[in-house]
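Below are my notes on the model, as numbered points. Please read them beside the structure.

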Amino acid sequence: MRKGSPKKRYILPDPKFNNSVVTKFVNNMMKNGKKNKSFQIFYDALDIVGEKIKEEDKTPLEIWQKALENVTPAVEVKSRRIGGATFQVPIEVRPDRKMAICMKNLILYARKRKGKAMSQRLAEEIIAAYKEEGGAFKRKEEIHRMADANKAFAHFKSRS
């Protein structure tokens with residue numbers, strides 16, 4: 001881009017919880033511009049989470065936030081080509097990218113679950129992530145393992 005970076009867009013908070021992170025999650029989950037349907041799926045999923053995890057003194061929203069925190073990667077690997085060879089270089093993840101990765105992984109693995117309605121699958125994936133299990137949490141662990149295995153190439157970090 002010639003004229004610098006574009007202006008940062010600020011996302012409006014959602015109507016129920018007044019939380020902009022919820023809106024970002026719903027925007028990631030949305031297909032074909034059906035935002036109301038995405039909000040309904042998300043709120044139904046939180047209701048299911050609230051029913052299934054009653055012994056906790058936390059609200060479903062807090063459980064969802066903890067689940068997101070549990071699937072957020074701290075490091076990732078990027079391919080760098082140095083002298084004809086390609087190395088997987090571990091780098092720290094920027095905070096905005098961390099949120100994007102964890103949301104997309106949670107939604108992806110909820111969609112991959114078998115059968116049932118999307119709200120049910122999302123609720124199951126949230127509960128699994130909250131308990132530090134499930135597909136999204138395994139993905140985070142896999143990313144961390146790859147970064148740990150390639151720690152020797154950390155000195156190849158990009159100059160920018």
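1. Helix α4 covers residues 95-112, 18 residues in all, and reaches 26 Å from its first C-alpha to its last. That is close to the 26 Å expected at 1.5 Å a residue, where the expected span is 1.5 Å times one less than the number of residues. Helices (H or I, at least four residues) and strands (E, at least two) are DSSP runs numbered from the N terminus.

2. This is a predicted model, in which local features need pLDDT of at least 70, side-chain atom pairs count only at pLDDT 80 or more, and totals for chains, interfaces and linings use all residues. Residues are numbered from 1 along each chain as its sequence is written, and side-chain values use heavy atoms, with hydrogens and water left out.

3. Which residues of α4 are buried? They are I101, C102, M103, N105, L106, I107, Y109 and A110; buried means under 20% relative accessible area, exposed over 50%, and partly exposed in between (1.4 Å probe, protein chains only). These buried residues pack against α1, α3 (60-70), β1 (75-82), α5 (118-130) and α6 (135-149).

4. Strands β1 and β2 (residues 85-92) pair in the antiparallel sense over 8 bridges; pairing requires at least two DSSP bridges between the strands. R80 has F87 in β2 as its bridge partner. The hairpin has 2 residues between the strands, and G83 takes a positive phi near 55° there.

5. I11 lies in the segment before α1 (20-29). Because its relative accessibility is 32%, I11 counts as partly exposed. Leaving aside residues up to four places away in sequence, I11 touches S20, T23, K24 and N27 (contact means heavy atoms within 4.5 Å). The C-alpha atoms of I11 and P95 are separated by 16 Å, with the two residues 84 apart along the chain.
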